[in-house]
Amino acid sequence: MSGCQIDNSAIRPIRFFNGVCQMLDQRLLPAEEVWHDYQDYQGVAEAIRSMVVRGAPAIGVAAAIGAWFGARDIETESSEAFFAEFEKVCAVLAATRPTAVNLFWALERMQSFARANLDRSVLELKIGLEYEALAITQEDEQLCIKLGRQGQHLIADGARVLTHCNAGALATAGYGTALGVIRAAVAAGKKISVIADETRPFLQGARLTAWELQRDKIPVTLICDNMAGYLMSKGEIDCVIVGADRIAANGDVANKIGTYTVAILAREHNIPFYVAAPISTIDLSLDDGSQIPIEERDAREITHLGEQQLAPEGVAVRNPAFDVTPNRLVTAIVTERGVAQGDYLQQLKKLADSRTG
Ligand code: MRU
């Protein structure tokens, strides 16, 4: 598929046209494919918080669209008053989930546009912000395709690739990051099979990764999270590739809870551990991963499976949704602008400062 062609069969979890945003409810997959309509920023904020939409790049795209809804509905003729209200809208969207930096990146891009154009009329600002939200949406899928091409050479023909969580089309505007690399390797003619960790407690691997790979006819085998070490010890995994929610300047990687465990296991078994993420996931303002805010989610995600109670009433629960993998365990970081390996501090800065090729 060339970067310019539109593949209408491709999975795109967010649709945005005619002033309406539709999102595929990822809480209900794979049992049901339900789309919801959104037309205001409060609705989009709730969709991000409740994980109708999830995955770092997809959250960024949704936030940009939500910010535009908020902007569109501000009633004033004064650009300064408009900007003050717009900042409040962005603050509501920013308060939904703390770890994925793409959310803040997208909101900052929307705010910078408004800030840089305060000499324009409110109507012009609103039109410009709609264009910016559309651009963020369209660019995301295109950069995933570029990222896939940058990374596919890391995956050998015949490789059995372990992935954790869902860093696929469902987690982006389309195509995916970690699964984008796998899609690009398959498109290059390689025979790849994927082992998907189920990813407790939200089951993004079982529900989403398995669903989207099956749909694209890429061979996938589902395992429970605690089976990865066994398969590695049996020589059944050739490499690991995961996405990221935030990457600190030194290459420490925050991703779905359990990623750190997989990285340790990969190191023990001498298996390459790759991370695939767009430049917008790199947070050069943080020196290392200890500064990345880690979201703690509701205990009910662990004590219950739907309506089914799994644990005794009142038991103490911890539910951190992400962990941090130290840079020393990361073999390479694939971005749309190239692959960083070795001295992440220097290389990530260079990639972030470079222009997209
Ligand atoms: O809680 P989620 O489902 O939003 O977490 C998603 C992940 O951790 C993904 O691996 C990450 O966002 C990368 S998605 C391209």
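M51 sits in the loop between α1 (41-49) and α2. Its phi is near 70°, a positive value in a residue other than glycine.

I noted that this is a predicted model, where local features need pLDDT of at least 70, side-chain atom pairs count only at pLDDT 80 or more, and totals for chains, interfaces and linings use all residues. Residues are numbered from 1 along each chain as its sequence is written, and side-chain values use heavy atoms, without hydrogens and water.

I then checked K217, which also has a positive phi, about 60°, although K217 is not a glycine. K217 is exposed, with a relative accessible area of 74%.

Next I took helix α2 (residues 56-72), which reaches 25 Å from its first C-alpha to its last, close to the 24 Å expected at 1.5 Å a residue (1.5 Å times one less than the number of residues). Of its 17 residues, 16 are buried, so α2 is largely enclosed by the rest of the structure. I read helices as DSSP runs (H or I, at least four residues) and strands likewise (E, at least two), numbered from the N terminus.

I looked for cis peptide bonds. One joins L29 and P30, with omega about 0°, and P30 is in the loop between β2 (20-24) and β3 (35-38). The bond from R200 to P201 is also cis, with omega near 0°; P201 lies in the loop between β5 (193-197) and α7 (204-215).

How values were computed. Buried means under 20% relative accessible area, exposed over 50%, partly exposed in between (1.4 Å probe, protein chains only).
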